[in-house]
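Hi,

Here is the structure I promised to pass on. Have a look at it first, and then read my notes below.

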Amino acid sequence: MRRALQIVALVVALSALAFWAARGANRGWTITDKKVTTLDEVTGLEGITYEKGFWPGVDFLGGVLLGAGALAGASLLIRNKPKTQN
Amino acid sequence: MKTEIVSLLAIGFASVALAAPQTFDFKDPKGVNNVQFLLDAPLEPISGSASGISGTVTFDPANPGATKGRIVVDAKSLFVPNAMMKDHMHGKDWMDVATNKEIAFETKELKNVKTTGDVTTADAVGTFTLKGVTKDITVPVKLTYLKDQLGKRMQNAKGDLLVVRANFSIKRTDFGINPKAPEDKVADKIDLTLSIAGAAPQK
């Protein structure tokens, strides 16, 4: 049980890191709308629209890593069953 | 001879009509008009934009120095790409958009007017209203007059366009926007970039 929790904590932490890196390794806050600019050729102005999505930031990464750490810490409170000798 | 005089008078009247000040409406059906803001604090740069722009500017191509107008930004259109941050920004402690629905700049006069071709640069002296506080400020503006270009932007329309660009800064604390907030997290200086185009359709 202890080992299982530690493996889950490791998988959660690595998955969060991989997801954060794959979504652009955003070092700011989590973004739910991304700025998209389009050029108006007549006026030369750049219009701004926002693309909906989820780009995790350091708050997401910190939260998940903290959770994984808590899970790993909790695993230390679980006692392994003593091995029975036949 | 009589025909020539009538023709000359007609040309004269037409010139006067063409030189008359035009009123440009900045409610943009294409949704391009925007104002961008940046608060570049050491710990947390915050940037966003607002698109709910309206207002009118009276511009005379023959006398750009006489330009007058009022540009309004719908406070509810202020946007940052983080949903929670946007809710905080719209809230009572910050912009309080439920009470203070408009951000507005109204020109009193233009100073240091320089015109080259269709481009005029000037310092627009006027009043800026934000979160219910009105202050006199001077904004460097660039006006680009695009004659007969409205049709290129909107089908079946005839008329002129006026592009207004401005970069200026204000202080958050001058307008009572959460003055107690630490400046290392939320900068006091707000850099604003206005990029808008108005249309004067021919009637």
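Two strands count as paired here if DSSP finds at least two bridges between them. Keep in mind that this is a predicted model.

β4(B) and strand β5 (residues 68–74) of chain B pair in the antiparallel sense, over 6 bridges, and G55(B) sits opposite I71(B) in β5(B). β4(B) also runs antiparallel to strand β1 (residues 22–25) of chain B, joined to it by 4 bridges; there F24(B) is the residue opposite V57(B).

I53(B), G55(B), V57(B) and F59(B) make up the covered face, while S54(B), T56(B) and T58(B) make up the uncovered one.

Next, the nonpolar cores. The largest has 47 residues, and F128(B) and L162(B) touch the most other members. Setting aside residues up to four places away in sequence, F128(B) touches a list of residues including I103(B), F105(B), V133(B), I137(B), F168(B), F175(B) and L192(B). Apart from that core lies another, of 9 residues, with L146(B), V163(B), A197(B) and A199(B) among them.

T43(A) is in the loop between β1 (31–39) and β2 (46–55) of chain A. Is T43(A) buried or exposed? It counts as buried, because its relative accessibility is 7% and the cut-off is under 20%. Its side chain also reaches the backbone nitrogen of L45(A), at 3.3 Å.

Last stop: helix α1 (residues 2–22) of chain A. Its 21 residues span 30 Å from first C-alpha to last, close to the 30 Å expected at 1.5 Å a residue. The buried residues in α1(A) are L5(A), A9(A), A13(A), A16(A) and W20(A). They cover an arc of only 70 degrees around the axis, so they lie on the same side of α1(A). Just after α1(A), G24(A) takes a positive phi of about 105 degrees.

Cheers

Notes:
Residues are numbered from 1 along each chain as its sequence is written. Chains are lettered from A and ligands numbered from 1 in the order in which they are written. This is a predicted model: local features need pLDDT of at least 70, side-chain atom pairs count only at pLDDT 80 or more; totals for chains, interfaces and linings use all residues. Side-chain values use heavy atoms; hydrogens and water are left out. Helices (H or I, at least four residues) and strands (E, at least two) are DSSP runs, numbered from the N terminus. Buried means under 20% relative accessible area, exposed over 50%, partly exposed in between (1.4 Å probe, protein chains only). A polar contact is a pair of N or O atoms within 3.5 Å; within protein, one must be able to donate a hydrogen and the other to accept it, and residues adjacent in sequence count only if both atoms are side-chain atoms. A nonpolar core is a set of buried Ala, Val, Leu, Ile, Met, Phe, Trp, Tyr and Cys residues joined through side-chain atoms within 4.5 Å. Contact means heavy atoms within 4.5 Å. The expected span of a helix is 1.5 Å times one less than its number of residues. The arc is that of the directions from the helix axis to the C-beta atoms.
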